Structure formats: C-alpha cells, structure tokens
Amino acid sequence: MSLGFGPLLSFEVRGGLPAAEAVARGLVLVRHAPSLGGVESLASLPAHTSHRHLSAEERAVAGIPEGLVRLSVGIEDVDDLWADLDRGARVRLRRARSEV
C-alpha cells in the first residue's frame, strides 16, 4: 500500500459468467470465496455472491458485468500471485478454444 493502491481489484472476463467461473476454477493459490476478508488472496464472482439477488439485467444496469471477478490480494509472493492469475486465464482460454 506504500504506492497508494489498495489490495482489492476487479476485472471482467470476456465470455460472461461461465468464463469467470472457469478463471476462478483455474486458480490454485488464490481461493474462490464468497467473502474477501482475510490475509490470503481470495477471488469472488459477484454474480454468485454479493449481487446474486439481482437478475443479470439488473446487474448490467448497476455496472456489474456477468464476467466480473473481484480479487482481494493477500500476503503471498507477488510472483506466485501473477503465476496463479496466468494459470486461471489459461484455463479460461482452453475452455474458449474447446467451444469453437
């Protein structure tokens, strides 16, 4: 946090909720969790957690795309975290290629 950034970020995965689910399943170091509190890195899919009570249309109006992944960065080594995010993205890419 010395650079002024917090440990929470969100990113949208092209392909909607199924693609975001594939990324979350592909993570090894980062755990998929409904809550983002703790010292370990956690990933959350708002369509399944914080905003599950809204329809897909209501989430879209609220600016919460179906493919949104929220990541709370913990105390793990930064290189390990990047490797895990890369691994999650590769799972999503393999899934996309298999659908073609």
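Buried means under 20% relative accessible area, exposed over 50%, and partly exposed in between, with a 1.4 Å probe and protein chains only. The structure is a predicted model, in which local features need pLDDT of at least 70 and side-chain atom pairs count only at pLDDT 80 or more, while totals for chains, interfaces and linings use all residues. Residues are numbered from 1 along each chain as its sequence is written, and side-chain values use heavy atoms, with hydrogens and water left out.

**Exercise 1.** Locate His-53 and state whether His-53 is buried or exposed.

*Solution.* Step one concerns the place in the chain: His-53 belongs to the loop between strand 3 and helix 2 (56-61). Helices (H or I, at least four residues) and strands (E, at least two) are DSSP runs, numbered from the N terminus. Step two applies the opening definition: the relative accessible area of His-53 is 60%, so His-53 is exposed.

**Exercise 2.** Determine the order of the four strands in the open sheet and how they pair.

*Solution.* Two strands pair if DSSP finds at least two bridges between them. The order is 1-4-3-2, and the pairing is mixed. Strand 1 (8-12) and strand 2 (31-32) are at the edges with a single partner strand each, so one side of each has no neighbour in the sheet.

The pairs can now be taken in turn:

- Strand 1 and strand 4 are antiparallel, over five bridges; Ser-10 has Arg-70 in strand 4 as its bridge partner.
- Strand 3 and strand 4 also run antiparallel, joined by three bridges, and Ser-44 stands opposite Arg-70.
- Strand 2 and strand 3 (residues 42-44) are parallel, over two bridges; Arg-31 has Leu-42 as its bridge partner.

As for covering, four of the five residues of strand 4 (residues 68-72) are buried.

**Exercise 3.** State which residues form the largest nonpolar core and which element gives the largest share.

*Solution.* A nonpolar core is a set of buried Ala, Val, Leu, Ile, Met, Phe, Trp, Tyr and Cys residues joined through side-chain atoms within 4.5 Å. The largest one has twelve residues: Val-13, Ala-19, Ala-20, Val-23, Ala-24, Leu-27, Val-30, Ala-43, Leu-45, Val-69, Leu-71 and Leu-81. Helix 1 (16-26) and strand 4 each supply at least two residues of this core. The largest share, four residues, comes from helix 1.
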